[in-house]
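Hi everyone, thanks for making time this morning. Please have a look at the structure on the screen, and I'll walk you through it.

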Amino acid sequence: MSATPVLAANSVSMVFGGLTALSNVSLRLQEGQILGLIGPNGAGKTTFFNCLTGLYSPTTGNVQLRGQVLPTDPAAVTVAGVARTFQNIRLFPSMTSLENVMVGRHSRMKQGPLASLFHGPAYLKGERDARDRSRELLEFVGLGTVHDELARNLPYGDQRRLEIARALATDPKVLLLDEPTAGMNPQETEATRQLIFAIRETGVAVVVIEHDTKFIFSLCDHVSVLVQGQLLVEGTPDVVRADPRVIEAYLGKPPDEVEAEVRQYAEEAAHGGPESTQVMQPIRDQDGHEGGNR
Ligand SMILES: Nc1ncnc2c1ncn2[C@@H]1O[C@H](COP(=O)(O)OP(=O)(O)OP(=O)(O)O)[C@@H](O)[C@H]1O
Ligand SMILES: [Mg+2]
């Protein structure tokens with residue numbers, strides 16, 4: 001038997017009124033693993049992340065972190081060690097990059113209300129440490145030059161990286177990324193792939209939702225395919241992309257074609273990345289508040 005998984009979802013179901021968005025979905029994420037979650041639009045991928053992070057209370061089933069059942073309270077889940085990014089970016093647009101990351105860091109700070117009221121030495125040291133760690137994280141995700149830039153002025157790809165830095169600031173054991181490369185050009189996508197490898201090297205296990213299957217198959221150790229709220233197939237990238245059920249329900253092309261695409265992608269990445277085809281646009285309409293993203 002393998003070791004206790006860092007994250008386990010046990011027969012999670014989620015029913016909204018008459019709609020079953022998830023039906024008995026289980027997942028085992030091992031320490032050091034990068035797990036891909038793929039499936040058509042509306043398959044239930046984001047709903048599953050919402051169940052993993054306590055935003056939704058599953059209709060049945062539960063989620064365990066290193067063997068302990070997690071509460072259905074997002075703040076408590078963050079403190080326990082599960083961090084995430086959102087499909088629709090949720091930054092504080094009128095705060096700087098550094099301040100956005102410091103918000104994540106504050107979930108780890110222990111000062112009570114009196115310390116923050118009187119700005120005593122413990123509070124000031126905590127703030128200084130949070131600032132230093134947040135700076136380090138901005139460097140780590142490749143945003144070392146934009147500490148003081150307002151989040152709303154950053155290009156789209158940088159906003160996604162900033163969300164990752166903020167999530168990492170909570171010192172997670174598990175990081176959940178919901179479409180981290182959506183809207184990115186090929187160079188940014190490749191930089192994000194390398195960033196996820198680097199995050200794994202720091203001891204954080206990662207679950208990634210993405211529609212870009214070349215990205216998923218060239219990144220992940222294990223892939224789970226969700227279709228209509230059910231786990232259709234799971235296994236290594238080789239097993240999953242060759243499975244006729246996955247080809248029929250999602251990939252729509254034969255395994256040798258998918259494999260050739262993944263090989264070409266990896267070769268291009270090794271030679272400096274694929275050609276750019278898209279131009280990033282800044283997002284200016286984020287309100288930074290909760291809501292609006294399932
Ligand atoms: N809060 C909610 N109330 C009612 N229905 C919901 C809610 N959240 C999600 N759903 C429904 O659950 C199903 C799964 O949606 P979900 O957003 O999880 O899919 P997804 O796999 O993330 O899709 P996409 O790839 O488009 O992001 C959809 O039918 C959606 O309309
Ligand atoms: Mg989604």
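Let's start with S13, whose bridge partner in β4 is T60. This is a predicted model, where local features need pLDDT of at least 70, side-chain atom pairs count only at pLDDT 80 or more, and totals for chains, interfaces and linings use all residues. Residues are numbered from 1 along each chain as its sequence is written, and chains are lettered from A and ligands numbered from 1 in the order in which they are written.

Strand β1 (residues 7-16) pairs with strand β4 (residues 60-65) in the antiparallel sense, over five bridges. When I say helix or strand, I mean a DSSP run, H or I of at least four residues for helices and E of at least two for strands, numbered from the N terminus. Two strands pair if DSSP finds at least two bridges between them.

What is the strand order in this open sheet? The four strands run β2-β1-β4-β5, with antiparallel pairing. β2 and β5 (68-69) are at the edges with a single partner strand each, so one side of each has no neighbour in the sheet.

S11 belongs to strand β1, and its phi is near 45°, a positive value in a residue other than glycine. N24, in strand β2, also has a positive phi, near 50°. As a reminder, most residues other than glycine have a negative phi.

Leaving out residues up to four places away in sequence, V77 touches T53, G54, L70, P71 and V82. Contact here means C-beta atoms, placed from the backbone, within 7 Å.

On to the other sheet. Six strands form an open sheet in the order β6-β7-β8-β3-β9-β10, and the pairing is mixed. β6 (82-84) and β10 (230-235) are at the edges, each with a single partner strand, so one side of each is left without a neighbour in the sheet. Within this sheet, strand β3 (residues 34-38) and strand β9 (residues 222-227) run parallel, joined by four bridges, and G36 stands opposite V223 in β9. Helix α7 (residues 186-201) packs on the sheet and touches β3, β7 and β8, its direction making about 155° with that of β8. Axes are lines fitted to C-alpha atoms, for helices over the stretch in contact, and angles run from 0 to 180 degrees between N-to-C directions.

Finally, the ligand. Which residues come nearest to ligand 1? Of the 13 residues around ligand 1, those are F16, A21, K45, T46 and T47, where near means a C-beta atom, placed from the backbone, within 6 Å. β2 (19-29) and α1 (45-52) each supply at least two residues of this shell, and α1 gives the most, with three.

That's my tour, so over to you!

How values were computed. Contact = placed C-beta atoms within 7 Å.
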